[in-house]
Amino acid sequence: MVFRALVTHKDASGNVASAIEEMRETSLPEGDVLVGVEWAGFNYKDGLVLTGQGGLVRDYPHVGGVDFAGRVIESRDGRYHPGQAVILTGWRVGEIHWGGFATRARVKGDWLVPLPRKLSTRDAMVLGTAGLTAMLAVNRLKAEGVKPGDGDILVTGAGGGVGSIATHLLGRLGYKVYAMTGRPELAEPLMRLGAAEVVGRDVLEGTGKKLVSPRWASAVDTVGGAPLGELLKQIKPGGAVAAIGLAAGDSWNATVIPFILRGITLAGIDSVMQPIAARVGAWERLTSLFSSKVYEEMTQEARLEDLPRLAGDILAGQVRGKVVVKLAA
Ligand code: NDP
(Lines give C-alpha, C1' and ligand atoms only; values in the text may rest on other atoms or scores of the structure.)
Protein backbone atom coordinates (compact mmCIF):
# COMPACT_ATOMS: atom_id res chain seq x y z
CA MET A 1 0.00 0.00 0.00
CA VAL A 2 1.33 3.44 -1.00
CA PHE A 3 0.90 6.56 1.16
CA ARG A 4 1.93 10.25 0.99
CA ALA A 5 4.41 11.80 3.36
CA LEU A 6 6.37 15.01 3.81
CA VAL A 7 9.86 13.53 3.98
CA THR A 8 12.75 15.53 5.45
CA HIS A 9 16.25 14.83 4.11
CA LYS A 10 19.68 16.09 5.15
CA ASP A 11 22.36 16.38 2.47
CA ALA A 12 26.13 15.87 2.80
CA SER A 13 26.61 19.60 3.53
CA GLY A 14 24.12 19.37 6.39
CA ASN A 15 21.29 21.21 4.60
CA VAL A 16 17.82 20.04 5.60
CA ALA A 17 14.90 20.13 3.14
CA SER A 18 11.48 18.49 2.93
CA ALA A 19 9.37 17.30 -0.02
CA ILE A 20 6.21 15.27 -0.60
CA GLU A 21 6.96 11.66 -1.51
CA GLU A 22 4.95 8.51 -2.13
CA MET A 23 6.11 5.71 0.16
CA ARG A 24 5.27 2.07 0.75
CA GLU A 25 3.86 0.94 4.11
CA THR A 26 6.81 -1.42 4.36
CA SER A 27 9.09 1.62 4.83
CA LEU A 28 7.26 2.63 8.03
CA PRO A 29 9.06 1.99 11.33
CA GLU A 30 8.23 -0.96 13.61
CA GLY A 31 5.18 -0.64 15.84
CA ASP A 32 2.02 -2.45 16.91
CA VAL A 33 -0.60 -0.06 15.54
CA LEU A 34 -0.96 1.23 11.96
CA VAL A 35 -2.98 4.46 11.90
CA GLY A 36 -4.61 6.19 8.93
CA VAL A 37 -3.79 9.80 9.82
CA GLU A 38 -6.69 12.20 9.26
CA TRP A 39 -5.29 15.39 10.84
CA ALA A 40 -1.89 16.42 12.20
CA GLY A 41 -1.08 19.39 14.39
CA PHE A 42 1.63 21.94 13.63
CA ASN A 43 3.80 23.11 16.51
CA TYR A 44 6.89 25.19 17.27
CA LYS A 45 8.85 21.94 17.55
CA ASP A 46 7.72 20.91 14.05
CA GLY A 47 9.19 24.19 12.82
CA LEU A 48 12.51 23.24 14.43
CA VAL A 49 12.43 19.74 12.89
CA LEU A 50 11.58 20.95 9.37
CA THR A 51 14.40 23.50 9.46
CA GLY A 52 16.93 21.08 10.99
CA GLN A 53 17.28 23.10 14.22
CA GLY A 54 17.33 22.09 17.87
CA GLY A 55 19.12 18.77 17.33
CA LEU A 56 15.79 16.94 17.66
CA VAL A 57 16.16 14.47 14.76
CA ARG A 58 18.74 11.70 14.91
CA ASP A 59 18.30 9.90 11.58
CA TYR A 60 17.33 10.96 8.07
CA PRO A 61 15.24 10.56 5.99
CA HIS A 62 12.69 11.60 8.58
CA VAL A 63 8.93 12.15 8.75
CA GLY A 64 8.05 14.97 11.18
CA GLY A 65 4.77 15.72 12.92
CA VAL A 66 4.74 15.62 16.72
CA ASP A 67 1.02 15.01 16.93
CA PHE A 68 -1.71 13.40 14.88
CA ALA A 69 -5.21 11.95 15.09
CA GLY A 70 -6.77 9.30 12.90
CA ARG A 71 -8.24 5.82 12.78
CA VAL A 72 -6.62 2.47 13.46
CA ILE A 73 -6.11 0.36 10.31
CA GLU A 74 -4.31 -2.64 11.83
CA SER A 75 -3.44 -3.44 15.43
CA ARG A 76 -1.46 -6.06 17.32
CA ASP A 77 -2.31 -4.24 20.57
CA GLY A 78 -5.47 -5.63 22.24
CA ARG A 79 -6.53 -2.15 23.41
CA TYR A 80 -6.97 -0.90 19.84
CA HIS A 81 -9.10 -2.22 16.99
CA PRO A 82 -9.51 -1.25 13.33
CA GLY A 83 -11.74 1.78 12.90
CA GLN A 84 -11.05 3.12 16.40
CA ALA A 85 -10.22 6.83 16.56
CA VAL A 86 -6.98 7.67 18.35
CA ILE A 87 -4.75 10.62 19.26
CA LEU A 88 -1.00 10.69 19.50
CA THR A 89 1.00 13.53 21.04
CA GLY A 90 4.56 13.53 22.35
CA TRP A 91 6.74 10.48 23.18
CA ARG A 92 9.28 12.14 20.85
CA VAL A 93 7.22 11.06 17.85
CA GLY A 94 8.04 13.41 14.97
CA GLU A 95 11.53 13.84 16.51
CA ILE A 96 13.35 10.54 17.03
CA HIS A 97 10.40 8.50 15.70
CA TRP A 98 8.49 9.13 12.47
CA GLY A 99 5.42 11.27 12.99
CA GLY A 100 2.14 12.50 11.59
CA PHE A 101 3.10 14.42 8.44
CA ALA A 102 1.96 11.40 6.40
CA THR A 103 -1.30 9.66 5.61
CA ARG A 104 -0.04 6.56 7.50
CA ALA A 105 1.87 6.18 10.78
CA ARG A 106 2.97 3.04 12.60
CA VAL A 107 3.51 3.52 16.34
CA LYS A 108 3.50 1.77 19.72
CA GLY A 109 0.04 1.22 21.21
CA ASP A 110 1.47 2.58 24.50
CA TRP A 111 1.75 6.02 22.93
CA LEU A 112 -1.89 6.31 21.86
CA VAL A 113 -4.88 7.79 23.65
CA PRO A 114 -8.41 6.83 22.55
CA LEU A 115 -10.18 9.86 21.07
CA PRO A 116 -12.73 11.16 23.63
CA ARG A 117 -16.26 10.46 22.34
CA LYS A 118 -17.30 14.10 21.94
CA LEU A 119 -14.14 15.19 20.10
CA SER A 120 -13.56 15.03 16.31
CA THR A 121 -10.13 14.09 14.97
CA ARG A 122 -9.88 17.65 13.59
CA ASP A 123 -10.62 19.28 16.94
CA ALA A 124 -8.20 16.88 18.63
CA MET A 125 -5.51 18.37 16.40
CA VAL A 126 -6.69 21.95 16.80
CA LEU A 127 -5.80 21.20 20.43
CA GLY A 128 -2.93 18.72 19.92
CA THR A 129 0.24 19.04 21.98
CA ALA A 130 -0.52 22.74 22.51
CA GLY A 131 -3.92 21.99 24.03
CA LEU A 132 -2.66 19.12 26.17
CA THR A 133 0.20 21.28 27.46
CA ALA A 134 -2.09 24.22 28.20
CA MET A 135 -4.43 21.88 30.11
CA LEU A 136 -1.53 20.41 32.11
CA ALA A 137 -0.38 23.94 32.98
CA VAL A 138 -3.86 24.96 34.12
CA ASN A 139 -4.15 21.77 36.20
CA ARG A 140 -0.75 22.46 37.73
CA LEU A 141 -1.68 26.01 38.76
CA LYS A 142 -4.78 24.59 40.44
CA ALA A 143 -2.64 21.99 42.22
CA GLU A 144 -0.43 24.84 43.43
CA GLY A 145 -3.54 26.37 45.04
CA VAL A 146 -4.18 29.13 42.47
CA LYS A 147 -7.88 30.03 42.47
CA PRO A 148 -9.91 32.29 40.13
CA GLY A 149 -10.43 34.87 42.90
CA ASP A 150 -6.71 35.25 43.58
CA GLY A 151 -6.13 38.00 41.04
CA ASP A 152 -4.83 38.54 37.52
CA ILE A 153 -3.18 35.67 35.62
CA LEU A 154 -0.68 36.53 32.88
CA VAL A 155 -0.43 34.29 29.81
CA THR A 156 2.64 35.02 27.67
CA GLY A 157 2.92 34.23 23.96
CA ALA A 158 -0.87 34.44 23.96
CA GLY A 159 -1.11 34.70 20.18
CA GLY A 160 0.59 31.33 19.70
CA GLY A 161 -0.81 27.81 20.00
CA VAL A 162 -0.22 27.02 23.69
CA GLY A 163 -0.82 30.59 24.85
CA SER A 164 -4.10 31.08 23.00
CA ILE A 165 -5.52 27.77 24.24
CA ALA A 166 -4.35 28.50 27.81
CA THR A 167 -6.11 31.89 27.56
CA HIS A 168 -9.30 30.15 26.44
CA LEU A 169 -9.21 27.43 29.13
CA LEU A 170 -8.41 29.83 31.98
CA GLY A 171 -11.15 32.20 30.78
CA ARG A 172 -13.68 29.37 30.80
CA LEU A 173 -12.67 28.44 34.34
CA GLY A 174 -13.36 31.99 35.53
CA TYR A 175 -9.79 33.26 35.91
CA LYS A 176 -9.07 36.91 35.04
CA VAL A 177 -6.62 36.45 32.18
CA TYR A 178 -4.23 39.09 30.91
CA ALA A 179 -3.07 37.89 27.50
CA MET A 180 0.41 39.14 26.57
CA THR A 181 1.07 39.43 22.86
CA GLY A 182 3.53 41.21 20.59
CA ARG A 183 0.75 41.44 17.99
CA PRO A 184 -1.78 44.18 18.87
CA GLU A 185 -3.99 43.00 15.97
CA LEU A 186 -4.77 39.88 18.02
CA ALA A 187 -6.32 41.87 20.88
CA GLU A 188 -9.93 41.36 19.78
CA PRO A 189 -9.64 37.65 18.96
CA LEU A 190 -7.91 37.08 22.33
CA MET A 191 -10.70 38.91 24.17
CA ARG A 192 -13.26 36.74 22.35
CA LEU A 193 -11.29 33.67 23.48
CA GLY A 194 -11.63 34.67 27.12
CA ALA A 195 -8.95 37.27 27.95
CA ALA A 196 -10.09 40.04 30.31
CA GLU A 197 -7.30 42.33 29.07
CA VAL A 198 -4.62 42.20 26.37
CA VAL A 199 -1.18 43.61 27.15
CA GLY A 200 2.00 44.13 25.12
CA ARG A 201 5.35 42.42 25.64
CA ASP A 202 6.57 45.62 27.35
CA VAL A 203 4.99 44.43 30.63
CA LEU A 204 7.98 42.09 30.93
CA GLU A 205 10.65 44.51 29.76
CA GLY A 206 13.94 44.32 31.70
CA THR A 207 14.12 46.51 34.83
CA GLY A 208 17.58 45.56 36.07
CA LYS A 209 16.03 45.16 39.58
CA LYS A 210 15.90 41.97 41.66
CA LEU A 211 12.28 42.47 42.64
CA VAL A 212 9.50 44.81 41.48
CA SER A 213 5.97 45.53 42.73
CA PRO A 214 3.92 42.34 42.71
CA ARG A 215 1.50 42.38 39.80
CA TRP A 216 0.31 38.88 38.86
CA ALA A 217 -1.35 36.25 41.03
CA SER A 218 0.13 33.59 38.74
CA ALA A 219 1.11 33.00 35.14
CA VAL A 220 1.37 30.56 32.27
CA ASP A 221 4.62 31.25 30.43
CA THR A 222 5.26 29.95 26.93
CA VAL A 223 8.20 32.20 26.04
CA GLY A 224 10.93 31.56 28.67
CA GLY A 225 14.15 33.59 28.36
CA ALA A 226 14.53 37.13 29.70
CA PRO A 227 10.72 37.76 29.88
CA LEU A 228 10.37 34.80 32.28
CA GLY A 229 13.13 36.28 34.46
CA GLU A 230 11.14 39.54 34.68
CA LEU A 231 7.86 37.70 35.23
CA LEU A 232 9.20 35.91 38.32
CA LYS A 233 9.95 39.32 39.92
CA GLN A 234 6.32 40.41 39.39
CA ILE A 235 4.55 37.40 40.94
CA LYS A 236 2.56 38.03 44.12
CA PRO A 237 3.50 36.20 47.32
CA GLY A 238 2.59 32.51 47.14
CA GLY A 239 1.89 32.65 43.39
CA ALA A 240 3.07 30.19 40.77
CA VAL A 241 4.35 30.27 37.19
CA ALA A 242 3.81 27.29 34.91
CA ALA A 243 6.86 27.31 32.59
CA ILE A 244 6.18 25.69 29.24
CA GLY A 245 8.34 27.04 26.47
CA LEU A 246 11.33 28.90 25.12
CA ALA A 247 10.04 30.98 22.21
CA ALA A 248 12.07 33.93 23.58
CA GLY A 249 15.06 31.85 24.75
CA ASP A 250 16.12 29.12 27.15
CA SER A 251 18.00 31.12 29.76
CA TRP A 252 17.79 34.24 31.90
CA ASN A 253 19.59 36.00 34.73
CA ALA A 254 18.03 35.01 38.03
CA THR A 255 18.27 35.57 41.76
CA VAL A 256 16.61 33.58 44.53
CA ILE A 257 14.98 36.79 45.85
CA PRO A 258 11.43 36.26 44.48
CA PHE A 259 11.52 32.67 45.78
CA ILE A 260 12.70 33.42 49.31
CA LEU A 261 10.93 36.76 49.87
CA ARG A 262 7.64 35.90 48.18
CA GLY A 263 7.54 32.11 48.34
CA ILE A 264 6.69 31.83 44.66
CA THR A 265 6.78 28.55 42.71
CA LEU A 266 8.27 27.94 39.28
CA ALA A 267 6.55 24.79 37.98
CA GLY A 268 7.86 23.10 34.84
CA ILE A 269 5.38 21.48 32.45
CA ASP A 270 6.36 18.55 30.23
CA SER A 271 3.68 17.17 27.94
CA VAL A 272 5.98 14.87 25.97
CA MET A 273 6.57 12.06 28.47
CA GLN A 274 3.34 12.35 30.50
CA PRO A 275 1.99 8.96 31.58
CA ILE A 276 -1.13 7.70 29.80
CA ALA A 277 -3.48 8.06 32.80
CA ALA A 278 -2.61 11.77 33.12
CA ARG A 279 -3.10 12.22 29.37
CA VAL A 280 -6.50 10.53 29.34
CA GLY A 281 -7.65 12.71 32.27
CA ALA A 282 -6.35 15.89 30.61
CA TRP A 283 -8.01 15.04 27.26
CA GLU A 284 -11.36 14.42 29.01
CA ARG A 285 -11.11 17.79 30.77
CA LEU A 286 -10.05 19.51 27.55
CA THR A 287 -13.04 18.03 25.74
CA SER A 288 -15.44 19.49 28.28
CA LEU A 289 -13.77 22.93 28.51
CA PHE A 290 -12.64 23.72 24.95
CA SER A 291 -15.01 25.28 22.42
CA SER A 292 -13.81 24.66 18.87
CA LYS A 293 -16.49 27.11 17.69
CA VAL A 294 -15.09 29.95 19.80
CA TYR A 295 -11.52 28.98 18.80
CA GLU A 296 -12.26 28.68 15.06
CA GLU A 297 -11.02 32.20 14.22
CA MET A 298 -7.63 31.20 15.69
CA THR A 299 -7.53 27.99 13.60
CA GLN A 300 -5.85 27.73 10.20
CA GLU A 301 -6.00 24.67 7.94
CA ALA A 302 -2.91 23.69 5.94
CA ARG A 303 -1.76 20.94 3.58
CA LEU A 304 1.49 19.01 3.78
CA GLU A 305 2.94 21.14 0.99
CA ASP A 306 2.41 24.34 3.07
CA LEU A 307 4.51 23.15 6.01
CA PRO A 308 8.06 24.08 4.88
CA ARG A 309 6.86 27.70 4.51
CA LEU A 310 4.92 27.61 7.81
CA ALA A 311 8.03 26.29 9.60
CA GLY A 312 9.72 29.67 9.10
CA ASP A 313 6.55 31.50 10.18
CA ILE A 314 6.12 29.58 13.44
CA LEU A 315 9.77 30.02 14.42
CA ALA A 316 9.42 33.76 13.76
CA GLY A 317 6.38 33.85 16.10
CA GLN A 318 4.12 34.72 13.17
CA VAL A 319 1.57 31.90 13.34
CA ARG A 320 -1.75 32.93 14.81
CA GLY A 321 -3.28 30.34 17.13
CA LYS A 322 -3.16 26.81 15.75
CA VAL A 323 -2.45 25.29 12.34
CA VAL A 324 -4.06 21.92 11.59
CA VAL A 325 -2.86 19.80 8.69
CA LYS A 326 -5.48 17.94 6.66
CA LEU A 327 -4.32 14.49 5.56
CA ALA A 328 -7.46 12.48 4.81
CA ALA A 329 -8.91 13.17 1.36
P1 NDP B 1 3.91 29.32 18.87
O2 NDP B 1 4.99 29.76 17.96
O3 NDP B 1 2.56 29.04 18.33
O4 NDP B 1 3.73 30.43 20.03
C5 NDP B 1 4.82 31.08 20.63
C6 NDP B 1 4.43 32.55 20.82
O7 NDP B 1 5.41 33.18 21.64
C8 NDP B 1 4.42 33.37 19.55
O9 NDP B 1 3.23 33.22 18.81
C10 NDP B 1 4.58 34.77 20.10
O11 NDP B 1 3.30 35.19 20.57
C12 NDP B 1 5.47 34.57 21.32
N13 NDP B 1 6.87 34.91 21.06
C14 NDP B 1 7.66 34.44 20.05
N15 NDP B 1 8.89 34.97 20.14
C16 NDP B 1 8.87 35.78 21.24
C17 NDP B 1 9.84 36.62 21.85
N18 NDP B 1 11.08 36.74 21.37
N19 NDP B 1 9.48 37.30 22.97
C20 NDP B 1 8.24 37.20 23.50
N21 NDP B 1 7.26 36.42 22.93
C22 NDP B 1 7.59 35.73 21.83
O23 NDP B 1 4.48 28.06 19.67
P24 NDP B 1 3.68 26.99 20.57
O25 NDP B 1 2.55 27.69 21.24
O26 NDP B 1 3.47 25.76 19.77
O27 NDP B 1 4.80 26.67 21.65
C28 NDP B 1 5.22 27.69 22.57
C29 NDP B 1 6.46 27.21 23.30
O30 NDP B 1 6.13 26.10 24.14
C31 NDP B 1 7.59 26.73 22.38
O32 NDP B 1 8.83 27.12 22.93
C33 NDP B 1 7.44 25.21 22.42
O34 NDP B 1 8.64 24.55 22.15
C35 NDP B 1 6.98 25.00 23.85
N36 NDP B 1 6.20 23.79 24.08
C37 NDP B 1 6.50 23.05 25.18
C38 NDP B 1 5.75 21.94 25.49
C39 NDP B 1 6.03 21.20 26.76
O40 NDP B 1 5.63 20.03 26.89
N41 NDP B 1 6.69 21.82 27.71
C42 NDP B 1 4.68 21.45 24.61
C43 NDP B 1 4.36 22.37 23.52
C44 NDP B 1 5.14 23.50 23.26
P45 NDP B 1 2.80 36.72 20.47
O46 NDP B 1 3.09 37.17 19.09
O47 NDP B 1 1.34 36.63 20.78
O48 NDP B 1 3.57 37.51 21.49
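Buried area, as I use it here, is the accessible area (1.4 Å probe) that two parts lose on being put together, summed over both.

**Ground rules.** I am working with a predicted model, where local features need pLDDT of at least 70, side-chain atom pairs count only at pLDDT 80 or more, and totals for chains, interfaces and linings use all residues. Residues are numbered from 1 along each chain as its sequence is written, and side-chain values use heavy atoms, with hydrogens and water left out.

**Entry 1, domains.** I began with the domain assignment, whose bounds come from an automatic or database source. It gives domain 1 (2-115 + 293-326) and domain 2 (128-268). Their centres, taken over C-alpha atoms, are 29 Å apart. For contact (heavy atoms within 4.5 Å), I found 16 residues from domain 1 and 19 residues from domain 2. The two domains bury about 1,300 Å² between them, and carbon and sulfur atoms give 58% of that. On the domain 1 side, Val294, Tyr295 and Met298 lose the most area to domain 2, together 34% of what that side buries.

Next I went looking for open space. My search ran on a 1 Å grid over the protein atoms alone: a pocket is an open set of points with protein on both sides within 12 Å along at least five of seven lines, a cavity is a set where a 1.4 Å probe fits but cannot get out, and lining residues have an atom within 4 Å of a point. Points are joined across faces, edges and corners, and a volume is the space filled by probe spheres set on them. The largest pocket holds about 1,100 Å³. It has 48 lining residues, and the closest to its centre are Tyr44, Thr222, Gly245, Leu246 and Ala247. Where does the largest pocket lie? Both domain 1 and domain 2 give residues to its lining, so it lies between them.

I sorted linings by class: Ala, Val, Leu, Ile, Met, Phe, Trp, Tyr, Cys and Pro are nonpolar, Asp, Glu, Lys and Arg are charged, and the others, Gly among them, are polar. For the largest pocket that gives 23 nonpolar, 18 polar and 7 charged residues.

Of its 13 lining residues, Pro29, His62, Ile96, His97 and Trp98 are the closest to the centre. The lining divides into 5 nonpolar, 2 polar and 6 charged residues.

Strands (E, at least two residues) and helices (H or I, at least four) are DSSP runs, numbered from the N terminus.

Two strands count as paired if DSSP finds at least two bridges between them; strand E1 (residues 2-10) and E2 are joined by 9. Arg4 has Glu22 in E2 as its bridge partner.

Tyr60 and Pro61 are joined by a cis peptide bond, with omega about -5 degrees. Pro61 sits in the loop between helix H1 (44-50) and E4. Trp91, although not a glycine, has a positive phi of about 60 degrees; I place Trp91 in the loop between strand E6 (85-89) and E7.
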